[in-house]
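Have a look at the sequence and the structure first.

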Amino acid sequence: MLEKALRGSRGYGIWVAFLLLLVAVGFFFYLRQLDYGLGITGMSRDVSWGLYIAQFTFLVGIAASAVMLVLPYYLHDFKAFGKITILGEFLAVSAVTMCITFVFVDLGRPDRAVNLLLYPSPRSVLFWDVIVLSGYLLLNIVTGWTVLESDKKGVPPPAWVKPLIVLSIPWAVSIHTVTAFIYSGLPGRGFWLTAIMAPRFLASAFASGPALLILLCLILRRFGRFDAGDKAIQTLAKIVTYALATSIFFVLAELFTVFYSQIPGHMHHLTYLFAGLNGHHTIARWMAVSAATAVAALVLLIIPRARKNESLLALACVGVFLSLWIEKGLGLVVTGFVPSPMETITDYTPTGPETAITIGVWALGLMLITLLYKIFVSVRNEE
Amino acid sequence: MAPTRREFLKIAGFSAVGLALPFLPSLAFDQAGTPTAGSSSPAVQGPLPALKAKRWAMTVEPRKCRPDCTDCIAACHLEHNVPDFRNPKDDIHWISLEKVEHVFPAETHPRLPESITKLPVPVLCNHCENPPCVRVCPTQATFKRADGIVMMDYHRCIGCRFCMAACPYGSRSMNWRDPRPFVRKINPAFPTRTKGVVEKCNFCEERLARGILPACVIACKDKALAFGDQEDPRSDVRLILDKCLSLRRRPELGTGPRVYYIL
Ligand code: SF4
Ligand code: SF4
């Protein structure tokens with residue numbers, strides 16, 4: 001089936017070439033990072049994780065969201081999703097690939113990455129994250145590909161894939177839970193030290209992932225000669241609505257606990273995040289955009305007439321994605337480090353090369369999505 | 001650095017204490033093949049017996065510090081080839097001087113006398129009894145020795161910086177770029193690091209192995225720092241700990257810091 005990715009319209013060719021260019025630019029700057037060291041980024045002694053790890057965290061959520069298609073279809077026989085579960089699985093494959101790439105480009109000594117496996121450390125959450133992420137990647141490649149191949153031959157998928165698909169459901173929850181534990185298990189960082197971290201991650205993942213899927217379905221309908229069906233899209237829209245509402249609720253619950261208890265070690269971080277601290281306002285400005293977009297998107301999604309209007313739905317989905325990207329892909333990681341254990345406020349600003357590498361990895365993921373979706377659409381349209 | 005008369009007296013004190021624990025060689029240096037023993041001092045014929053302890057600990061008495069003195073920092077950073085980047089972004093340090101309000105935020109209030117708030121407080125890795133940095137390290141490049149010293153293996157570290165997020169004290173530094181051009185005078189007896197690995201205070205385990213007390217302790221002319229076995233009632237640290245109230249940084253986190261402050 002792979003050859004199907006190679007043939008396409010002119011627009012398809014230009015899009016892939018454009019992504020390739022971005023990947024190449026990112027790779028060029030990665031080579032410079034290898035040469036100079038991670039000091040080429042905006043990270044510092046105080047803010048020692050930045051854009052890379054934040055993207056990783058956000059994308060784990062996108063990857064986990066495939067479960068929102070697989071679960072209704074395979075466990076509840078919700079037929080409308082039958083056409084698009086593979087899209088969810090392929091999205092997961094691309095997202096996990098990006099995750100692993102982001103962790104890799106964040107390593108100070110990538111040449112020693114294999115030490116993770118040579119010296120397995122079961123007490124380290126990062127060790128488990130590597131295990132569950134690679135497992136999830138494998139599961140989704142195998143199930144997505146096998147089901148698509150049977151589709152192509154016009155036969156039902158082999159019996160052995162069903163258990164694997166069912167296994168991928170709890171596995172999806174595990175990848176985001178373990179990723180949340182990276183943060184919530186650290187004693188000294190008040191911002192992350194909260195049991196609601198994993199539920200919050202899952203709620204925001206089930207909003208941002210399906211929102212992206214809706215956008216992808218709308219794009220496929222417009223440019224890809226593939227219609228996911230109104231029922232599927234509208235059901236996804238409801239999932240986004242509930243997940244977004246839950247996600248906002250969790251954040252509010254967090255805010256209440258922190259600001260009503262008024263424990264300074266917890267309060268300072270959230271003040272920095274939402275209002276700025278001692279004149280450091282950059283993140284707070286981003287968060288204002290995030291909060292406003294989330295509320296606006298929620299309003300659009302809650303009103304049935306707006307939700308059923310395709311353009312408004314698309315707008316709402318862009319809003320959900322943007323809002324949660326700011327929250328997780330920018331705010332969550334950096335704020336854990338500010339103020340530092342020494343109570344100093346160090347601003348973090350990604351550098352040009354760092355941004356180029358980040359865009360490069362995203363382009364790599366988008367390219368994977370494009371190629372996999374192209375194969376999917378070609379197979380489906382042959383039937 | 002050559003052991004001084006005072007060091008010898010201390011060493012004599014240590015050797016008087018019979019300790020059962022075997023000396024654990026440093027993995028880090030074994031792998032590098034870097035010599036860990038051998039004193040260059042003309043005053044010493046052959047290496048001294050290694051200093052051993054059940055639990056190494058340090059006491060810090062900031063009230064004894066002279067204003068503007070940075071001898072401990074200079075000695076440590078010279079001994080361990082710690083680079084000086086002169087900018088906060090790349091900064092690497094093993095020991096530094098901080099204000100009381102930053103070291104003990106929970107104990108700080110507006111009525112503290114200036115004699116306290118103005119004090120320079122030396123901070124370094126606490127060699128925690130229950131170290132989160134060790135727990136999170138995915139390669140065991142950070143590990144705790146039997147004598148309590150929390151060590152780094154610079155040859156195994158992958159530079160993921162999980163340990164930096166986990167340390168509640170900001171004790172760890174990352175080599176964001178090649179440190180070697182920024183080391184003022186390279187001490188050939190101690191390895192330099194490469195870009196991309198994390199480093200921190202090692203309680204001078206390389207000196208202990210040669211029978212010498214930590215560089216900062218020796219460098220402090222005001223005896224603000226003391227070092228010894230906290231399980232040994234006759235050690236320098238116990239002589240101090242046994243007679244007054246000592247503070248540890250953020251004890252509520254359960255990390256069990258072994259650097260004690262007397263204020
Ligand atoms: S002070 Fe930080 S680096 Fe040192 S042992 Fe404790 S947690 Fe680890
Ligand atoms: S940076 Fe090195 S020492 Fe720290 S957790 Fe990662 S591998 Fe371990």
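## Ground rules

This is a predicted model, where local features need pLDDT of at least 70, side-chain atom pairs count only at pLDDT 80 or more, and totals for chains, interfaces and linings use all residues. Residues are numbered from 1 along each chain as its sequence is written, chains are lettered from A and ligands numbered from 1 in the order in which they are written, and side-chain values use heavy atoms, with hydrogens and water left out.

## Chain B at a glance

Chain B has 10 helices and nine strands (DSSP runs numbered from the N terminus: helices are H or I with at least four residues, strands are E with at least two). Of its 263 residues, 56% are buried, meaning under 20% relative accessible area, with exposed over 50% and partly exposed in between (1.4 Å probe, protein chains only). Take the contacts in chain B (heavy atoms within 4.5 Å) with a separation of 6 or more: 71% of them join residues 24 or more positions apart.

## A three-stranded sheet

Chain B holds an open, mixed sheet in the order β8-β1-β9, where strands pair if DSSP finds at least two bridges between them. The edges are β8 (225-229) and β9 (259-261) of chain B, each pairing on one side only. From one strand to the next, the twist averages 25° (axes are lines fitted to C-alpha atoms, and angles run from 0 to 180 degrees between N-to-C directions).

β1(B), residues 56-60, runs parallel to β9(B) over three bridges, with T59(B) opposite Y260(B) and V60(B) opposite Y261(B).

## The cores

M58(B) turns up again in the largest nonpolar core, a set of 189 residues in which W49(A), I84(A), Y183(A), W192(A) and M58(B) touch the most other members. A core here is a set of buried Ala, Val, Leu, Ile, Met, Phe, Trp, Tyr and Cys residues joined through side-chain atoms within 4.5 Å. Helix α8 (residues 197-223) of chain A supplies the largest share of this core, 16 residues. A second, separate core has seven residues, including A226(B), I240(B), Y260(B) and I262(B).

What does W49(A) contact, leaving aside its neighbours within four places in sequence? Its partners include I182(A), Y183(A), W192(A) and F337(A) from chain A, and C160(B), R161(B), F162(B) and A165(B) from chain B.

## Helix α3 of chain A

In α3(A), residues 67-76, the buried residues are V67(A), M68(A), L69(A), V70(A), P72(A) and Y74(A). These pack against several chain A helices, among them α2 (51-64), α4 (85-106) and α9 (230-261). Just after α3(A), D77(A) takes a positive phi of about 55°.

## The ligand shells

Around ligand 1 there are 14 residues (a heavy atom within 4 Å), and C125(B), N126(B), C128(B), C133(B) and C167(B) come nearest. That shell divides into nine nonpolar, three polar and two charged residues. For these classes, Ala, Val, Leu, Ile, Met, Phe, Trp, Tyr, Cys and Pro are nonpolar, Asp, Glu, Lys and Arg charged, and the others, Gly among them, polar.

Ligand 2 has 13 residues around it, with C137(B), C157(B), C160(B), R161(B) and C163(B) nearest. By class, its shell has nine nonpolar, three polar and one charged residues. Two of those nearest residues, C160(B) and R161(B), are also in contact with W49(A).
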